[in-house]
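Good morning, everyone. Please look at the model on the screen while I talk. I'll go through a few places in turn.

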Amino acid sequence: MNADLVPRGPFRYGDRVQLTGPKGRLHTVTLREGGELHTHHGVLRHDALVGQPDGSVVTNSGGSEYLALRPLLRDFVMSMPRGAAIVYPKDAAQILAAADVFPGATVVEAGVGSGALSLWLLRAIGPSGRLVSFERRGEFAEVAEANVHTFLGHAPDTWRVVVGDLAERLPVEAPPASVDRVVLDMLAPWECIDVVADALVPGGVVLCYVATATQLSRVAEYLRGTGLFTEAEATETMVRGWHVEGLAVRPDHRMVAHTGFLLTARRLAPGAIPPDVRRRALKKPSYGDEDIELWTPGAVGDRQITDKNLRKRVREARRAAEGAQAAARAGSGPGDDVD
């Protein structure tokens with residue numbers, strides 16, 4: 001991240017600010033000279049925010065008060081334009097932990113979706129790491145790039161987006177045993193396991209993020225069948241909030257439950273055969289040909305976004321990125337006010 005965009009200190013032109021107004025209504029603005037937030041409660045000038053510390057309360061022309069905070073990354077990814085479904089913050093946090101993404105790591109991600117996970121990975125690898133994100137659809141890649149540029153205010157040198165199929169392009173983009181971590185967020189990750197095994201360093205981690213139990217079963221069996229990985233571990237994460245006010249302490253009535261499964265395995269050294277693999281080789285497989293049919297991508301299902309809706313998301317993401325980059329370069333520039 002540029003030094004001018006480090007998320008701390010007094011507000012400056014070019015900063016994105018999240019304003020919480022009457023009745024908890026949220027507005028996100030990019031501060032610019034002469035900019036104004038217009039609501040039916042009055043007008044709030046951007047100039048009134050510049051120089052104020054993060055967490056300040058400011059008053060608009062109508063006397064309404066607004067709490068001003070820089071949006072956290074989790075706030076941004078939940079409201080940014082989407083081409084494909086995003087990886088939710090609760091899963092992104094677990095992905096970073098389960099895959100053990102570290103500063104300086106070389107990470108491969110596929111597919112890039114709307115760029116939510118890319119932002120978390122870029123933060124984790126730091127300025128000395130490298131992230132290569134693969135995406136089959138150019139429109140999704142464009143939305144993801146625009147979202148990352150919007151949040152960071154620039155195009156990071158540590159990130160590159162490759163439009164194409166991972167199974168075809170990874171051998172070209174990454175020499176054998178050169179990648180530390182691979183994160184697969186796709187419909188049929190088992191189709192790419194062979195090239196992933198070639199790219200990973202011994203001890204490297206592959207993590208598959210899948211939505212359904214049939215996908216989970218298929219990729220686990222494929223990993224097991226290669227003999228190139230440790231036994232896979234599968235988890236899911238559920239988050240339940242709590243209401244805490246005085247002695248009224250109780251769980252919320254709603255929770256963020258299943259969004260996806262995480263499956264992780266580590267690359268074995270060439271020729272290594274773990275002891276448990278020898279024992280398992282003597283057992284009869286627990287699935288048959290009829291089960292394999294249920295594992296096909298068509299049977300699993302794939303939700304599609306319409307071309308018209310996707311073009312709209314691309315335009316929204318591009319406008320936001322252009323505004324953030326212009327503000328970062330010039331200290332002032334176009335900033336969209338977003339309810």
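First, a definition: helices (H or I, at least four residues) and strands (E, at least two) are DSSP runs, numbered from the N terminus. Now the background. This is a predicted model, where local features need pLDDT of at least 70, side-chain atom pairs count only at pLDDT 80 or more, and totals for chains, interfaces and linings use all residues. Residues are numbered from 1 along each chain as its sequence is written, and side-chain values use heavy atoms, with hydrogens and water left out.

Start with a loop. Between strand 1 (16–20) and strand 2 (26–30) sits lysine 23. Its phi is positive, about 60°, although lysine 23 is not a glycine. Why mention that? Most residues other than glycine have a negative phi, and most peptide bonds are trans. Is lysine 23 buried or exposed? A word on terms: buried means under 20% relative accessible area, exposed over 50%, partly exposed in between (1.4 Å probe, protein chains only). Lysine 23 is exposed, at a relative accessible area of 90%.

Alanine 177 has a positive phi too, about 55°, and is not a glycine. Look for alanine 177 in the loop between helix 5 (166–173) and strand 10. Alanine 177 is partly exposed, with 44% relative accessibility.

Next, a peptide bond. From alanine 110 to glycine 111 the bond is cis, and omega is near -15°. Glycine 111 lies in the loop between strand 7 and helix 3.

Now the sheet. Two strands pair if DSSP finds at least two bridges between them. Which order do the strands take? Seven strands form an open sheet, in the order 9-8-7-10-11-15-12, with mixed pairing. At the edges are strand 9 (159–163) and strand 12 (233–236), each pairing on one side only. From one strand to the next, the twist averages 15°.

Strand 8 (residues 130–135) and strand 9 run parallel, joined by five bridges. There, glutamate 135 stands opposite valine 163. Helix 4 (residues 138–152) packs on the sheet and touches strand 8 and strand 9. Contact here means heavy atoms within 4.5 Å. The direction of helix 4 makes about 165° with that of strand 9. For such angles, axes are lines fitted to C-alpha atoms, for helices over the stretch in contact, and angles run from 0 to 180 degrees between N-to-C directions.

Move to strand 11 (residues 200–210). Nine of its 11 residues are buried, so strand 11 is largely enclosed by the rest of the structure. Strand 10 (residues 179–184) runs parallel to strand 11, with five bridges. Valine 182 faces valine 206 across that pairing. Strand 15 (residues 261–266) is antiparallel to strand 11, over six bridges.

Last stop: helix 5. Which of its residues are buried? Leu166, Leu170 and Glu173 are. Down the axis of helix 5, the buried residues fall within an arc of 75°, so they line one face of the helix. That arc is taken from the directions from the helix axis to the C-beta atoms. They pack against strand 7, strand 8, strand 9, strand 10 and helix 6. On the other side of helix 5, Glu168 and Val172 are exposed.

That's my tour. Thank you.
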